[in-house]
Amino acid sequence: MTTPGELWLREYHDRKPDSQSVLIEAGRVVGDGRTSYDVFAERVGNARRVVDLGCGDGALLATFARQGAENLAGIDLSAGELELAAQRPELRAAQLKQGRAQELPFADKTFDAVVSHMTLMLMADLEQVVAEAARVLAPRGVFAAVVGGDGAIGATEVFFELAKPRFDAVPEERKPRIDGDRRTRSAEGFDEFLAPVGFEPVAWEQIVVDFAAPPERVWATCCETLYPASTLDDAQLAELRAEFAEATRGLMTDDGILPAAVRLNIARTRLAE
Ligand SMILES: C[S@@+](CC[C@H](N)C(=O)[O-])C[C@H]1O[C@@H](n2cnc3c(N)ncnc32)[C@H](O)[C@@H]1O
């Protein structure tokens with residue numbers, strides 16, 4: 001059954017369908033120089049049949065297509081996101097479904113990899129999500145996810161600190177109702193919900209995604225990254241922006257770039273033999 005958190009996310013993403021991919025494509029993984037979509041798809045390896053849970057506008061699936069995957073599928077709560085995904089030339093033949101990752105509309109044992117980028121940590125009922133993943137995976141199939149929630153660096157950290165009291169003060173009825181599960185923040189947490197349905201212990205890798213840019217660009221990135229920012233009114237945003245400018249002035253490089261980054265984690269496993 002659709003949760004209030006899912007209804008909130010669906011409405012948000014219908015309003016701002018490509019915000020996530022624009023943001024991710026502006027970031028570069030430190031020490032690699034590519035986007036987190038590219039690095040993640042490479043870590044998953046050369047799976048031919050791939051399904052993306054919370055596929056958004058299809059940016060990750062398009063990356064898998066460019067890497068040689070042939071049978072692509074995605075599911076997302078938001079029709080707006082899926083419309084954009086359907087317009088990608090790489091996804092002309094993909095199965096793009098509106099629905100919940102907890103109830104996959106796909107046959108048993110039909111994928112080599114079930115993937116999810118920056119979405120699993122928003123979901124309710126992870127036991128059900130991974131039971132569905134195990135059902136649609138072929139023997140020894142891969143389950144892999146990129147998750148956030150591991151902290152920010154530079155101006156992004158400053159933004160989080162300044163914004164938190166304002167987010168906390170948003171009246172309950174206007175707060176974003178994100179489901180989420182703290183177990184997605186550690187390898188042990190992942191194993192807790194993955195092992196019972198037959199997955200091996202996860203391989204865990206932290207990546208740092210660099211969003212350094214001119215201050216107005218970093219400000220926009222921070223606002224788009226955090227769902228609660230969408231609940232602040234214009235006056236609150238203006239006040240926060242002034243404080244952010246003041247607090248980050250000392251971080252700026254001589255050429256006007258503001259250092260900013262976030263830590264993400266990649267969890268990878270496969271069905272045990
Ligand atoms: C932060 S965005 C990430 C989009 C995409 N994975 C990316 O990284 O570009 C989260 C997406 O997950 C979708 N989503 C959240 N919970 C979901 C669920 N339970 N089932 C399917 N989609 C979900 C939202 O609609 C939204 O498009």
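Is Ala47 buried or exposed? Ala47 is buried, because its relative accessible area is 13% and the cut-off for buried is under 20%. This value, like the others in this report, comes from a predicted model.

**Around Ala47**

Ala47 sits in the loop that runs between α3 and β2, the latter covering residues 49–53. Leaving out residues up to four places away in sequence, Ala47 touches Ala69, Asp112 and Ala113.

**The nonpolar cores**

The largest nonpolar core holds 82 residues. Within this core, the residues with the most contacts are Leu53, Phe64, Leu120, Phe143, Phe159 and Phe190. The element that gives the most to it is strand β6, residues 137–147, with 7 residues. Another core lies apart from the largest one and has 6 residues, including Trp8, Tyr12, Leu77 and Leu122.

**The ligand**

The shell around the ligand consists of 21 residues, and those that come nearest are Tyr37, Gly54, Asp76, Ala101 and His117. By class, this shell is made of 9 nonpolar, 8 polar and 4 charged residues. Helix α1, residues 4–15, supplies the largest share of the shell, with 3 residues.

| Residue | Protein atom | Ligand atom | Distance |
|---|---|---|---|
| Ala101 | backbone N or O | nitrogen | 2.9 Å |
| Gln102 | polar side-chain atom | nitrogen | 3.1 Å |
| Thr119 | side-chain N or O | oxygen | 3.4 Å |

On its own the ligand has 590 Å² of accessible area, and the protein covers 98% of that.

Ser36 belongs to helix α3, which spans residues 36–44. Ser36 counts as buried because its relative accessibility is 1%. The side chain of Ser36 makes a polar contact of 2.9 Å with the side chain of His117. His117 is also one of the residues that come nearest to the ligand. Apart from residues up to four places away in sequence, Ser36 touches Ile24, Val29, His117, Ile207 and Val209.

Ile24, one of those residues touched by Ser36, is a buried residue of helix α2, residues 19–26. Ser19, Ser21 and Leu23 are buried in that helix as well. The buried residues of α2 pack against several elements: α1, α3, α4 (59–66), β5 (111–117) and α9 (215–225).

Ser116 lies in strand β5. With a relative accessibility of 0%, Ser116 counts as buried. Its contacts, not counting residues up to four places away in sequence, are Phe40, Asp52, Leu53, Ala144, Ala145 and Val146. Leu53 is also among the residues with the most contacts inside the largest nonpolar core.

Ile75 is part of strand β3, residues 71–76. Ile75 is buried because its relative accessibility is 1%. Which residues does Ile75 contact, leaving aside its neighbours within four places in sequence? The contacts of Ile75 are Asp52, Leu53, Gly54, Cys55, Lys97, Gln98, Gly99, Arg100, Ala101, Glu103, Leu104 and Pro105. Two of these residues, Gly54 and Ala101, are named among those that come nearest to the ligand. Ile75 and Asp52 are 23 residues apart along the chain, and 6.5 Å separates their C-alpha atoms.

**Two residues with positive phi**

Most residues other than glycine have a negative phi. Lys109 has a positive value, with phi near 55°. Lys109 is found in the loop between β4, residues 95–98, and β5. Lys109 is exposed, because its relative accessible area is 54% and the cut-off for exposed is over 50%.

Arg140 also has a positive phi, near 65°. At 28% relative accessibility, Arg140 counts as partly exposed.

Methods: Residues numbered from 1 in each chain as written. Predicted model: local features only at pLDDT ≥ 70, side-chain atom pairs only at ≥ 80, totals over all residues. Heavy atoms only, no water. Core = buried A, V, L, I, M, F, W, Y, C linked by side-chain atoms within 4.5 Å. Buried < 20%, exposed > 50% of the residue type's maximum accessible area, 1.4 Å probe, protein only. Helix = DSSP H or I, 4+ residues; strand = E, 2+ residues; numbered from the N terminus. Near = heavy atom within 4 Å. Polar contact = N/O pair within 3.5 Å; in protein donor to acceptor, adjacent residues only side chain to side chain. Areas by Shrake-Rupley, 256 points an atom, 1.4 Å probe, with all protein chains shown as cover. Nonpolar A, V, L, I, M, F, W, Y, C, P; charged D, E, K, R; others polar. Contact = heavy atoms within 4.5 Å.
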